[in-house]
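Please read it alongside the sequence and coordinates.

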Amino acid sequence: MLTSLYVRQFAVVEAAEVAFGPGLTVVSGETGAGKSLLVDALMLLAGARADSGMVRAGSDRAELAAEFDLAELPEARQWLLREELDEDGSCQLRRVIRTEGSSKAWINGRPANARQLGELASLLVEIHGQHEHQALLSRSHQLALLDAYAGHDELLTQVRDSALRWRELGARIRKLSGGEDRDQRIDMLRHELDELEKWALPEAELSELEANHRRLANAGRLAEGAAGVVELLDGDSEFALRRALGRAHTELGKVAALDDKLGPLLELLDNASIELGEAADGLGRYAQDVDLDPERYTEVDNHLAHLHELSRRHRLPMNELHDKLSTLRAELTELEGAGDALEQLAVQRQQLQHDYTHMAARLSQARAIAATRLGEEVSVLMAELGMVGGLLRIELEAVAGDEPDPQGQERCELLVSANPGQPPRPLRKVASGGELARISLAIEVATLGKDTVGSMIFDEVDTGIGGAVAEVVGQKLRALGGQRQVLCVTHLPQVAAQGHAHLRVSKHSDGDSTRTSIDKLDASGRRDELARMLGGVEITRETRAHAKQMLERAQTA
């Protein structure tokens with residue numbers, strides 16, 4: 001559910017923040033005030049193309065932000081989690097449009113692209129009206145809506161899972177029955193296994209090999225360095241540490257004879273002399289024992305060279321090559337035993353085909369029944385909404401081919417005739433924006449918001465109607481608001497009276513600049529706004545009374 005919308009320096013709006021609640025919220029205002037700006041802002045936050053003309057004159061950028069409550073939108077929460085854009089269950093869309101035409105977008109404070117905005121917005125809002133961004137025009141959405149209306153989710157899941165499993169088995173069969181390709185793959189696997197078994201090492205052994213390589217490569221330097229340190233510790237030079245320590249010991253021994261307190265310090269020098277001697281002896285032995293074997297170095301270097309080549313070929317770090325062995329062995333075993341495996345897979349696939357055909361036929365029958373019922377309900381609603389003689393027909397078209405399809409054996413197309421005598425045409429080709437909006441409303445009312453989108457936006461749904469039909473439109477919108485959050489931009493008081501909440505868009509000018517404000521109306525404000533919508537420039541006491549009566553009738557209906 002949309003909880004708030006913030007716009008700044010957008011078109012003629014300097015800054016506005018609007019809070020939204022559940023139910024039907026209506027938006028009204030004088031012609032040219034910018035009633036549709038809220039819809040435009042939501043469309044931009046849904047990934048619509050932006051241009052510099054959307055930035056308020058005199059500003060360098062426009063900013064848009066919307067907050068959504070995802071408590072009842074599990075698909076949106078899962079999408080955010082999958083895209084690693086989740087943030088403690090919250091959802092904020094933000095977009096900045098600059099005067100040079102560039103724009104940036106964020107989801108929960110993280111950079112996002114137009115694709116991500118569009119995908120997420122399709123799970124959050126559904127916009128109906130004179131706009132291209134309408135999920136209801138998508139054939140896949142139409143099929144999903146029909147399935148939701150029919151309520152056969154479990155059967156649809158079984159059909160989808162069966163088809164996907166059938167495809168998976170087909171891929172395995174093609175892999176195992178590859179003919180010459182299979183023989184070549186077996187030969188290649190055997191060759192790769194031979195190489196890996198010869199050269200790949202467990203991680204501990206690889207570490208030891210690399211350490212040996214370092215020692216062998218630097219053997220001369222190690223021996224020379226150790227010998228040099230021995231000379232510093234216990235060499236013939238008078239500056240060797242053991243000689244200097246011996247002199248220090250002699251001098252301290254003389255004064256220690258005069259004071260017993262120096263005895264422990266003399267012992268420390270004794271210990272230091274012993275340790276220096278041990279260090280010198282150890283380094284001497286190390287210098288003599290350093291392995292200067294060039295043949296061993298060549299052997300180790302060759303081993304590492306093979307490992308580097310295998311690492312490049314398999315695109316794996318050297319420490320993961322040994323683990324690759326088990327994967328290749330399993331694949332080789334499967335390919336070498338392909339005969340038995342293919343027979344088993346063929347039997348399983350045939351059974352899956354049988355199960356799919358049975359379940360898909362049940363799904364087709366259920367869809368056909370639901371399509372007829374939904375078409376009749378929407379046609380009745382279209383007449384109530386001022387399109388007398390109009391009808392909606394849901395056409396199910398069989399999918400070509402015999403392969404199991406995850407969506408079933410048919411596709412869906414909504415065909416509409418808005419006037420008597422006109423042949424039904426695809427909904428996506430209906431020209432009139434007002435008719436399209438009312439048809440969309442009829443479909444949504446008939447399905448009682450059974451799609452999973454949390455917020456529905458109707459822009460100028462009442463275009464071209466009035467009187468009793470307008471009141472019916474408002475009633476239907478209010479009924480839909482009992483199931484979903486609904487936002488409706490309207491110019492008719494009959495529709496505005498049905499809202500659970502009312503926003504008024506006003507335009508103000510001081511001669512130098514024009515500003516638009518968006519206000520949430522209280523009961524008195526709603527009465528006055530309805531009176532304005534009813535009476536025009538001059539608002540009389542009778543007009544206000546009529547407006548009050550309309551509000552009271554809507555609230556008690």
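Aspartate 60 is partly exposed because its relative accessibility is 43%, where buried means under 20% relative accessible area, exposed over 50% and partly exposed in between, with a 1.4 Å probe and protein chains only. This is a predicted model, in which local features need pLDDT of at least 70 and side-chain atom pairs count only at pLDDT 80 or more, while totals for chains, interfaces and linings use all residues. Residues are numbered from 1 along each chain as its sequence is written, and side-chain values use heavy atoms, with hydrogens and water left out.

Aspartate 60 forms a salt bridge with arginine 61, a salt bridge being a side-chain nitrogen of Lys or Arg within 4 Å of a carboxyl oxygen of Asp or Glu. Both residues belong to a network of salt bridges that links Arg8, Asp60, Arg61, Glu63 and Arg94, and a search of the whole structure finds 28 salt bridges.

| Pair | N to O distance |
|---|---|
| Aspartate 60 and arginine 61 | 3.4 Å |
| Arginine 94 and glutamate 63 | 3.7 Å |
| Arginine 411 and aspartate 405 | 3.0 Å |

The side chains of arginine 94 and glutamate 63 meet in a salt bridge. This pair links distant parts of the chain, 31 residues apart, with arginine 94 in strand β5 (residues 90-98) and glutamate 63 in strand β4 (residues 61-69); helices (H or I, at least four residues) and strands (E, at least two) are DSSP runs, numbered from the N terminus. Arginine 94 counts as partly exposed at 28% relative accessibility, whereas glutamate 63 counts as buried at 13%.

The antiparallel pairing of β9 with β10 (residues 410-417) runs over eight bridges, and leucine 391 has serine 417 in β10 as its bridge partner.

Elsewhere, leucine 441 is found in helix α14 (residues 433-447) and is buried, with a relative accessible area of 0%. Leucine 441 lies 15 residues from methionine 456 in sequence and 9.7 Å from it in space, C-alpha to C-alpha.

Definitions and conventions:
Pairing = 2+ DSSP bridges.
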